[in-house]
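Thanks for sending this one over. Here are a few friendly notes to read beside the structure.

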Amino acid sequence: MADGNPKKADLAKSIETESLFLGGIKPDKEWTELPVEFKPGNFNYPTKPDIIEKLGFPNPRKWTPLDEDWKLPENWKEIILQALKDRLEKNRALKLFMDTCVRCGACADKCHFFLGSGDPKNMPVIRAELLRSVYRGEFTRAGKILGKMVGGRKLTKEVIKEWFMYFYQCTECRRCSVFCPYGIDTAEITMLGRELLHLLGVNINWILEPVVNCDRTGNHLGIEPHTFKQVVESLVDDVKEITGVKVNPTFNRKGAEILFITPSGDVFADPGIYTMMGYMLLFEHIGLDYTISTYSSEGGNFGSFTTPEMMKKLNAKMYMEAERLGVKWILGGECGHMWRVVHQYMNTMNGPADFLEVPVSPITGTPFSNAKSTKMVHIAEFTADLLKNEKLKFDARRNNHIRTTFHDSCNPARAMGLLEEPRYILKRVVNNFHEMPENTIREKTFCCGSGSGLNTGEYMETRMRGGFARANAVQHVHDKHDVNTLTTICAIDRVTLKAAMDYWVPDVQVAGLHELVGNALIMEGESERTEDLREDELEDFEQGEGKDE
Amino acid sequence: MKILSPLILLIILILIAWVGTALAGLETLFGLVIPYVALILFIAGFLYRIYYWSRSPVPFRIPTTCGQAKSLDWIKRDRFESPSNLFETLIRMAMEILLFRSLFRNTKAELKPGPNLHYGSNKWLWLGGMVFHWTFLVIILRHYRFFLEPIPFVISLTEKIDSFFQVALPILYLSDILILAALTFLILRRIFGGPVRYMSLFQDYFPLYLISGIVLSGMMMRYLTKTDIIKVKQLSQSLIHFDFTVPSGIGAIFYIHLFLVCVLVSYFPYSKLMHMGGIFFSPTRNLANNSREKRHINPWNPDVKIRTYHDYEEDFRDKMIASGIPLDKD
């Protein structure tokens with residue numbers, strides 16, 4: 001944690017005492033009267049001018065949210081109103097979400113940012129009202145005439161600042177939409193709000209620089225092909241050292257049966273790299289004919305936090321590369337927003353993928369009919385099928401030092417319904433598994449607090465507030481069951497929850513599902529395993545006889 | 001202000017109807033003209049709103065999944081929380097529309113010392129909402145007796161059930177008691193419910209007051225002032241048969257009731273009350289979660305320039321050769 005970030009005890013105290021509604025205190029002003037105050041820790045750094053230029057986005061300039069004047073284009077108001085009008089006609093959800101909210105309040109205490117900050121504008125209903133009030137005030141007759149009386153307001157520069165603060169204080173996790181009686185999805189509002197702000201050059205570097213990188217090099221980190229290969233090969237060496245087995249990934253190999261795409265965080269970020277090792281061990285174990293692409297070396301899609309066009313542009317590489325390499329289908333690694341894009345957007349944007357085949361597991365012969373059109377399978381689906389068909393030799397006792405709980409990542413839970421597959425795998429390969437409280441898992445899972453491109457160092461205070469609800473549930477199972485590992489199937493989680501755990505529950509580490517699979521696999525020709533993939537010592541148990549239950 | 005001004009508006013509306021009929025004798029205006037105008041405003045407004053929504057496409061398939069999706073055969077799926085086909089989706093929507101499924105999930109977060117977050121069950125809003133909407137429906141159905149001759153069996157059966165707890169004459173309808181209780185709850189929770197009060201607007205209080213006014217004036221006619229039902233039925237028959245005659249002497253309280261109904265009906269399509277139509281349209285609820293199985297079409301799928309592999313290889317050719325990555329063009 002960098003200097004200047006609040007200490008855990010101070011932040012905890014602040015949450016406990018200042019959290020407005022939860023503590024029964026009400027702000028003395030209407031939300032429309034509350035000032036928007038930027039201070040270090042509550043905003044992400046704006047995009048560098050050269051990045052905006054590379055993207056061809058409008059209004060590149062040097063600025064910071066701390067400035068009084070944000071140097072908006074002269075006709076900024078016209079731009080926003082025209083764009084809002086245009087988007088309303090392009091997206092029914094937006095119109096509905098503007099019109100149907102009854103402010104019943106069911107969503108109010110469902111947002112992790114609200115729970116961790118008590119800021120009323122973090123109640124999903126008010127986050128949407130930030131936009132809805134302008135829709136009323138500028139587009140509806142009643143709002144134009146009666147204005148404030150009916151919750152309408154005019155678009156001002158102050159509103160733009162407010163949008164920037166709160167549309168980048170929403171992680172598009174969709175938890176509120178589970179509870180909304182009309183299914184109003186704040187993620188849609190936030191996505192639209194950010195899209196509008198891009199038109200004024202109001203955006204953050206942490207999202208747009210990865211977009212530029214991904215376009216050029218194929219991954220968010222901007223890693224060029226030779227380095228990408230080199231890094232994966234260094235993981236191959238680590239695997240060899242720990243297990244005595246050499247795994248053999250290939251790169252850009254034509255004629256492979258399967259193209260494997262995972263977020264680049266699994267290749268470069270600790271602890272994601274252990275998950276990558278797990279994938280490679282698994283593929284070696286079953287003799288999978290797969291290849292990894294350097295051109296399409298990113299599962300994630302920061303374009304999806306930008307505009308529909310940018311999302312499509314980055315995502316297109318998956319199908320293009322699958323076609324070029326002549327694979328039969330695509331297997332996708334563990335990632336949250338990547339799977340939102342793959343499951344709900346990819347086929348619509350970049351399909352149909354007629355050049356691919358309906359995915360069939362080459363090991364078990366199981367057809368993945370739920371992916372028959374998109375032709376991309378989630379690795380948890382793939383591995384669950386392997387385990388069910390008893391195709392893996394493993395010993396769960398190799399994970400006996402791990403006492404884990406499972407964090408449902410927002411998008412696999414609420415945009416895919418992928419809930420049982422990872423649990424099935426986890427229960428097979430780990431002997432100590434404990435669920436967090438029921439209102440904090442599955443479709444009601446809490447976001448890590450840093451998703452949708454907000455995982456920056458400068459944003460740490462807000463992130464830790466946002467991550468508090470998740471961390472608090474982990475703390476519960478840590479206290480009750482001595483849980484020491486938080487398993488997740490999201491690359492962003494592996495980075496952000498690690499920070500949140502280090503801050504809130506320091507005794508708990510964060511692991512990927514396939515890291516634990518890799519730990520448990522009994523590989524042909526392996527040396528005696530004394531360490532897990534992190535090179536932590538295994539607990540003593542009688543090695544030898546492979547036990548796979 | 002947000003709480004009182006809609007009440008003042010309601011009082012003004014009541015006064016308009018009272019002055020208009022009891023003092024000015026404008027019974028034709030309040031008995032015929034305004035109801036017709038209100039009906040036209042309602043139908044036109046409702047249809048327009050549906051058209052306004054429908055003309056925007058649904059670019060992406062974005063259901064919120066609230067349970068296990070269809071996956072491998074042996075994984076037990078949650079058909080109605082993560083529907084995979086039209087039938088299952090219809091059931092999900094029926095549960096949402098008829099039983100308020102999502103509201104039933106509601107929890108209440110509480111911050112305890114530590115700080116520790118606790119989530120308790122919180123079904124009061126669900127209960128209040130269910131009671132309000134269903135009794136409102138029963139009451140509307142009961143009113144069909146004024147328009148239909150003979151009274152259909154369904155309507156009389158509803159009435160029978162509704163008056164199950166009859167204790168005295170005139171029949172005391174259960175729905176009258178329940179809707180009053182529900183309205184009281186819904187109003188009080190807005191006024192005293194911290195966050196809900198904070199987010200509430202004029203237009204959140206006004207319909208509640210208006211409907212309360214309608215219910216109370218209706219109950220007054222039934223239980224207190226004894227409005228002449230025969231004359232009311234004459235008027236309603238006149239309305240549906242376009243006779244344009246208004247029986248005299250129905251009494252101001254009836255016209256207040258009718259006028260408030262007209263206000264509600266005309267206000268409906270231009271307000272949040274359109275959640276009634278909107279709930280059928282919500283893309284997070286009315287789409288099957290089958291987007292990997294069946295391609296969803298976006299009519300404005302944008303054309304974007306994609307960086308091709310060819311360009312990528314051109315840029316990194318030497319580095320790729322050096323690290324032994326196969327190339328398309330040697």
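Helices (H or I, at least four residues) and strands (E, at least two) are DSSP runs, numbered from the N terminus. This is a predicted model, in which local features need pLDDT of at least 70 and side-chain atom pairs count only at pLDDT 80 or more, while totals for chains, interfaces and linings use all residues. Residues are numbered from 1 along each chain as its sequence is written, and chains are lettered from A in the order in which they are written.

1. A:I402 sits in the loop between α17 (379–388) and β5 (403–407) of chain A. A:I402 counts as buried because 26 C-beta neighbours lie inside 10 Å (buried takes 20 or more other C-beta atoms within 10 Å, placed from the backbone).

2. Beyond four places in sequence, A:I402 is in contact with A:V430, A:N432, A:N484, A:T485 and A:L516 (contact: C-beta atoms, placed from the backbone, within 7 Å).

3. Chain A is divided into domain 1 (11–203), domain 2 (214–388) and domain 3 (396–520), with bounds from an automatic or database domain assignment.

4. The contact between chains takes 94 residues from chain A and 83 residues from chain B. On the chain A side, the largest share, 8 residues, comes from helix α15 (residues 308–325) of chain A.

Conventions:
Two residues are in contact if their C-beta atoms, placed from the backbone, lie within 7 Å. A residue is buried if 20 or more other C-beta atoms lie within 10 Å of its own, exposed if 12 or fewer, and partly exposed in between; C-beta atoms are placed from the backbone.
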